[in-house]
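Let's take a friendly walk through this model together. Please have the sequence and the 3D view open as you read.

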Amino acid sequence: MPTAASADPDPAATATPGTRPPSAAQGQSGQDAVRIEGLHKSFGTLEVLKGVSLTAKQGDVVAIIGGSGSGKSTMLRCINFLETPSAGKIVIDGEEIEMRADGSPANRRQIERIRTRLAMVFQSFNLWTHRTLLENVIEVPIHVLKVPRAEAIAQARTLLQRVGLANKEDSFPAFLSGGQQQRAAIARALAVDPSVMLFDEPTSALDPELVGEVLTVIRDLAAEGRTMLLVTHEMRFAREVADHVVYLYQGQIEEQGPPAEVFGNPKSDRLRQFLQSVS
Ligand SMILES: Nc1ncnc2c1ncn2[C@@H]1O[C@H](COP(=O)(O)OP(=O)(O)OP(=O)(O)O)[C@@H](O)[C@H]1O
Ligand SMILES: [Mg+2]
């Protein structure tokens with residue numbers, strides 16, 4: 001059961017009380033929302049990220065594609081410090097994360113504050129199973145961001161309505177389909193009004209007939225200008241919603257560019273083979 005202290009906690013759940021993230025709407029288009037430079041990550045002797053650099057501007061949807069084990073999840077997890085990078089630079093909304101030489105965070109308070117600007121949506125939903133959907137969505141706003149309860153409830157109802165779950169606020173996750181649970185997880189992520197949303201294969205645990213309803217919600221968020229980093233194996237969807245596509249191969253960016261080029265005219269043989277293997 002996911003809790004604030006579990007291995008995959010909701011990032012915002014560890015935020016400093018009383019801090020509110022800037023609204024996504026406040027970010028100015030054209031500014032860098034996320035910039036990573038020379039990101040390295042090793043697990044013991046296994047070097048998983050070998051110097052990855054990428055930038056997402058405000059409002060950008062960056063799709064990250066690549067084979068299993070190429071480092072996609074590790075990269076997202078480094079961005080919100082669920083994993084400690086081994087080296088490199090991470091800048092969120094223009095603020096550089098202070099790291100020690102070994103990549104570990106030098107300023108815990110800064111990490112907690114910056115995490116409130118990021119929201120991660122996991123493959124496995126990670127809802128709190130012993131709470132209703134409404135309780136899931138209001139938890140972090142009330143207990144971390146100190147939003148008054150009535151306001152948090154009103155906002156949560158709007159968000160649940162937005163993801164098509166207005167009539168499910170009193171349901172527990174176990175009584176919902178995977179698609180409904182993932183839409184609730186997206187509503188929970190939106191409740192902190194994140195400036196950047198990190199999606200890690202949000203539809204890959206779903207039965208095929210439930211994928212579309214979740215993609216529709218993500219498509220709407222993209223259309224409203226949410227900045228997103230989206231790890232996905234839904235290539236058609238990536239081509240449709242992404243402004244920029246990054247292909248990771250063995251911990252390095254093998255190729256990147258606009259979707260029409262990456263999908264329509266891949267330059268690298270590895271990317272070409274990968275696209276053939278997933279089509
Ligand atoms: N906590 C960890 N400890 C040790 N090795 C890890 C850990 N997390 C990931 N790895 C290894 O790092 C490599 C990259 O894993 P990662 O989960 O980032 O890949 P991925 O691109 O997300 O793959 P998938 O498409 O299967 O989700 C893999 O070899 C994996 O076994
Ligand atoms: Mg992964």
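**Strands, a ligand and a helix**

In β10, I253 is the bridge partner of L248. This is a predicted model, in which local features need pLDDT of at least 70, side-chain atom pairs count only at pLDDT 80 or more, and totals for chains, interfaces and linings use all residues. Residues are numbered from 1 along each chain as its sequence is written, while chains are lettered from A and ligands numbered from 1 in the order in which they are written.

Strand β9 (residues 244-249) pairs with β10 (residues 252-257) in the antiparallel sense over five bridges; pairing requires that DSSP finds at least two bridges between two strands. Strands here are DSSP runs of E with at least two residues, helices are runs of H or I with at least four, and both are numbered from the N terminus. Two residues lie between β9 and β10 in their hairpin, and Q250 in the turn has a positive phi of about 45 degrees. β9 also pairs with β3 (residues 61-66), in the parallel sense over five bridges, and there V245 stands opposite A63.

Now turn to ligand 1. Among the residues surrounding it are F43, L46, V48, K72, S73 and T74 (C-beta atom, placed from the backbone, within 6 Å of the ligand). β2 (46-57) and α1 (72-79) are the elements that give two or more residues to this shell, and α1 gives the most, with three.

Finally, look at helix α2 (residues 108-115), where I111, I114 and R115 are buried (20 or more other C-beta atoms within 10 Å of their own, with C-beta atoms placed from the backbone). Seen down the axis of α2, these buried residues fall within an arc of 100 degrees, so they line one face of the helix; the arc is that of the directions from the helix axis to the C-beta atoms.

Definitions and conventions:
Buried ≥ 20, exposed ≤ 12 C-beta atoms within 10 Å, placed from the backbone.
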